Structures are given as C-alpha cells and as structure tokens.
Amino acid sequence: MKNNRQRFIMDLERLNRFNSQGCPACGRKFSLGDPVVVACGAWEGGAKVVHENEAVLDYSTGQYVERRCYAARSGAV
Ligand SMILES: [Zn+2]
C-alpha cells in the first residue's frame, strides 16, 4: 500500500482549524497527535477530517470512507 497523503497526524495548527467542528464521525474533539484521515461520509459538505480508526480505505477509489457509510454502501450494492 502506498503511503497515503490523505492521512496525517493532528498538529496544533490543524487542531485549531478542525476542532471548531470536531470530528463528524464521532462528534468528539481531536487531540494533539491523533492520526486522522480525510474521508467521505454521510454528512454534508464532502470529504472531512475524521479519526483514522473511524474510516476505512476504499481500495477501489483510493479514498477513505467513514465506517458506517462504507458499510451502508457495500450493503446496498
Ligand atoms: Zn472521531
């Protein structure tokens, strides 16, 4: 697997940027040093930053998808 540029570690700058809304997958705030990914999900507004363990990498698109959304999607097809 290639090193993915959609995955990164929360630093102070990003923390300030993203913690106004928190994590759209679990509703909690991010912590410094959390591994996070840019993922698509059932929320509005396209891809957002979520905790890494709340998203799965969809190998067909190379994009992270929020877990519940991914499960719903693969169940529907
Ligand atoms: Zn989260």
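Guide: Helices and strands here are DSSP runs, numbered from the N terminus: a helix is H or I with at least four residues, a strand is E with at least two. Two strands pair if DSSP finds at least two bridges between them. The model is predicted, so local features need pLDDT of at least 70, side-chain atom pairs count only at pLDDT 80 or more, and totals for chains, interfaces and linings use all residues. Residues are numbered from 1 along each chain as its sequence is written.

Let us look at the hairpin. Strands β4 and β5 form it, with four residues between them. Gly62 lies in the turn and has a positive phi of about 75 degrees. β4 covers residues 55-58. Four bridges join β4 to β5, and the two strands run antiparallel. Asp58 stands opposite Gln63 in β5.

Now turn to another partner of β5. Strand β2 covers residues 35-40, and β5 covers residues 63-66. Two bridges join them, and they run parallel. Cys40 stands opposite Val65 in β5.

Stay with β2 for a moment. Pro35 has its place in this strand. Is Pro35 buried or exposed? A residue is buried if 20 or more other C-beta atoms lie within 10 Å of its own, exposed if 12 or fewer, and partly exposed in between, with C-beta atoms placed from the backbone. Pro35 is exposed, because it has 11 other C-beta atoms within 10 Å. Two residues are in contact if their C-beta atoms, placed from the backbone, lie within 7 Å. Leaving aside neighbours within four places in sequence, Pro35 is in contact with Arg7, Ile9 and Glu52. Pro35 and Asn53 are 18 residues apart in sequence, and their C-alpha atoms are 8.3 Å apart in space.

Next comes helix α2, residues 67-76, where Arg68 is found. Arg68 counts as exposed, because it has 12 C-beta neighbours inside 10 Å. Arg68 and Val38 are 30 residues apart along the chain, and 15 Å separates their C-alpha atoms.

Step back to the whole chain. It has two helices and five strands. From the N terminus on, the elements run β-α-β-β-β-β-α. The C-alpha trace spans about 40 × 25 × 20 Å along its principal axes. Buried residues make up 17% of the 77 residues. Of the contacts with a separation of 6 or more, 42% join residues 24 or more positions apart.
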